[in-house]
Amino acid sequence: MPARLIAGALAGSLAGVLVAGPLLALPAAAGQKAAIFPVELLDPGVVGGRKARPDESRKLALVTEELKTALAKQAEVEPVDTAPQSAEIAKQSPFYKCEGCAAPIAKTLGADLAVTGYVERGSTQIFNLFVTIADAGSGKVVRAGQVVIRADTDDTWAHAMRWVVKNRLLAEPLPGKS
């Protein structure tokens, strides 16, 4: 096997190797409120989708908490409780299919921003993590990021979420912040 192929295989197998998506501008300042919805699972290999397995549900909850914590600490965004709209969330989800339906729910909750995310299962060891932040009033996407997760462990999923927040969602200072 040529050295270049071996090096590529090794690099691709390292846990936490991430590939980034585009960066958009986030018009947010400290003190804004965000409805941070649970990160969802998309398994395109199953027609009609499927419910997440218990281990996947645990990882989805883990990355949702990582997202909330990172946005609160790094962007000083205040997460709002989404429980009062749980029936509407269940009706509209999955959010990756509904073309902006999270924004009106976020607005109803008193949030300035709607934050959604999903993990797309590519194989047993490769996943794509997508996060989108939209203005709750207009529904316009103001920032989005993506990473590829190349291992199926709690650590790599958590690392991927921290990475996308730091290097894509908040790579530049938010407007109104120095």
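How many salt bridges does the structure hold? There are seven of them, a salt bridge being a side-chain nitrogen of Lys or Arg within 4 Å of a carboxyl oxygen of Asp or Glu. This is a predicted model, where local features need pLDDT of at least 70, side-chain atom pairs count only at pLDDT 80 or more, and totals for chains, interfaces and linings use all residues. Residues are numbered from 1 along each chain as its sequence is written, and side-chain values use heavy atoms, leaving out hydrogens and water.

**Salt bridges**
- Asp154 and Arg58 pair through their side chains at 2.6 Å, N to O.
- Asp154 sits in helix H5 and Arg58 in helix H2, so this pair ties together parts 96 residues apart in sequence; helices are DSSP runs of H or I, at least four residues, and strands are runs of E, at least two, numbered from the N terminus.
- Asp152 forms a salt bridge with Lys59, with the closest N and O atoms 3.0 Å apart.
- Lys59 counts as buried at 4% relative accessibility (buried is under 20% relative accessible area, exposed over 50%, partly exposed in between, with a 1.4 Å probe and protein chains only).
- A network of salt bridges links Arg53, Asp55, Glu56 and Arg121.

**Nonpolar core**
- The largest nonpolar core has 28 residues, meaning buried Ala, Val, Leu, Ile, Met, Phe, Trp, Tyr and Cys residues joined through side-chain atoms within 4.5 Å.
- Its largest share, six residues, comes from H5.
- Another core, of 14 residues, lies apart from it and includes Ile105 and Leu109.

**Thr156**
- Thr156 lies in helix H5 and is buried, at 6% relative accessible area.
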